[in-house]
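Please consult the sequence and the structure as shown here before reading on.

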Amino acid sequence: MKTRFFNKIADYFISIDRGVFLVLIGMLYATIFFCSFVMGYKTVDLYGRILCSSVFVFPLLFPINDSITELLGAKISYLMIIAIVICEFMFSFITHALAVLPSPSHWQGQEIYPILTTGFIHIAIADSISLAIGFFANTYVLNKWGIKWFGTGFFRRSLGATAVGELLFTISTNIITFHILSTENLMDTANIIISDYILKMVYSFIICIPNAYLVSLVKKHIQKEGTNNELNIIPFNQIRVKYRT
């Protein structure tokens, strides 16, 4: 009974156009990103270590980015990075423009909105630079290692690319946000960078395990669909056919 039920669910997802999955992944990607974006200035004291609160959700983005790169190709990943940068600037400027509109004098707490949304603009500036550095490096490393290793070892490629991308992103975004655009001293900023990166990598290691398993299942499923193809190449991305196995 259970087997038939799960088979029906599997058949349903198989019948869905693959473009729908890209939309769903994109929605998940944007949701996680804007959760971390809005909480960018919120810090947490965890046993004496200063952390950005966004560190608890942001590491999810790198495995998602790796999945997109592996299954859909580096060009799609680059496009999503550019799109998310454009969206965060739109979000920042629109929310700030709305926040500075005059409010009734008797309403409580209205002065908080311009202060908060000004912070969004600062974070957008820091993120746009950091995303260009960190996420592009993540995609580039994963893609190049994929070619070198003929598409095998996605887990170690994903973890290694995440380590590179997270390091570059964490250093650049925290220096810009807390040291250049804010008043934190370099020592506190360094404390945040070290604490964030250690937690992110522990978090990323845990996340990369189920992510690698799901990606392998998707690749196996697509290969089964392409049994008529002699090379068993994943049809998602024809650009890097030499390592899509």
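F155 belongs to helix α6, which covers residues 154-180; helices (H or I, at least four residues) and strands (E, at least two) are DSSP runs, numbered from the N terminus. The model is a predicted one, in which local features need pLDDT of at least 70, side-chain atom pairs count only at pLDDT 80 or more, and totals for chains, interfaces and linings use all residues. Residues are numbered from 1 along each chain as its sequence is written, and side-chain values use heavy atoms, with hydrogens and water left out.

With a relative accessible area of 29%, F155 is partly exposed. Here buried means under 20% relative accessible area, exposed over 50%, and partly exposed in between (1.4 Å probe, protein chains only). Leaving aside neighbours within four places in sequence, F155 is in contact with F205, C208, I209 and A212, where contact means heavy atoms within 4.5 Å. The C-alpha atoms of F155 and I209 are separated by 6.9 Å, although the two residues are 54 residues apart along the chain.

**Overall organisation**

The protein chain holds seven helices and two strands, and from the N terminus on its elements run α-α-β-β-α-α-α-α-α. Of its 245 residues, 40% count as buried. Among contacts with a separation of 6 or more, 75% come from residues 24 or more positions apart. The chain exposes about 13,700 Å², of which carbon and sulfur atoms supply 72%; accessible areas come from the Shrake-Rupley method with a 1.4 Å probe, and for residues only the protein chains shown count as cover.

Helix α3 (residues 61-72) is mostly covered, with twelve of its twelve residues buried. Its end C-alpha atoms are 16 Å apart, in agreement with the 16 Å that its twelve residues should span at 1.5 Å a residue; the expected span is 1.5 Å times one less than the number of residues. Just after α3, G73 takes a positive phi of about 105 degrees.

Helix α4 (residues 74-99) has 26 residues and reaches 37 Å from its first C-alpha to its last, close to the expected 38 Å. Its buried residues are A74, S77, M80, I81, I84, V85, E88, S92 and A99. An α-helix has 3.6 residues a turn, so residues three or four places apart point the same way. I82, also in α4, is partly exposed, with a relative accessible area of 43%. Together with I86, M90, I94, L98 and L101, I82 makes a nonpolar surface patch of about 590 Å². Patches are made of residues with over 30% relative accessible area and no salt bridge; like charges are joined within 9 Å, and nonpolar side chains (Val, Leu, Ile, Met, Phe, Trp, Tyr) within 5 Å.

**Salt bridges**

The structure holds two salt bridges, each defined as a side-chain nitrogen of Lys or Arg within 4 Å of a carboxyl oxygen of Asp or Glu.

| Salt bridge | Closest N and O atoms |
|---|---|
| R157 and E70 | 3.0 Å |
| E166 and K200 | 3.7 Å |

R157 lies in helix α6 and E70 in helix α3, so this pair ties together parts that are 87 residues apart in sequence. Both R157 and E70 are buried. In the other bridge, E166 lies in helix α6 and K200 in helix α7 (residues 186-225), so the pair ties together parts that are 34 residues apart in sequence. E166 counts as buried at 0% relative accessibility, as does K200 at 4%.

**Aromatic pairs**

A search of the whole structure finds 16 aromatic pairs. Rings of Phe, Tyr and Trp (its six-membered ring) pair if their centres lie within 6.5 Å; planes under 30 degrees apart count as stacked, over 60 as edge-to-face and the rest as tilted. The rings of F34 and F91 have their centres 5.3 Å apart and their planes at 55 degrees, so the pair is tilted. This pair links distant parts of the chain, with F34 in helix α2 (residues 18-38) and F91 in helix α4, 57 residues apart. F91 is partly exposed, with a relative accessible area of 28%.

F58 and F169 form a stacked pair, 4.5 Å centre to centre with 15 degrees between the planes. F58 lies in the loop between β2 (49-52) and α3 and F169 in helix α6, so the pair ties together parts that are 111 residues apart in sequence. F58 and F169 are both buried. One aromatic cluster is formed by Y29, F58, F62, F135 and F169.
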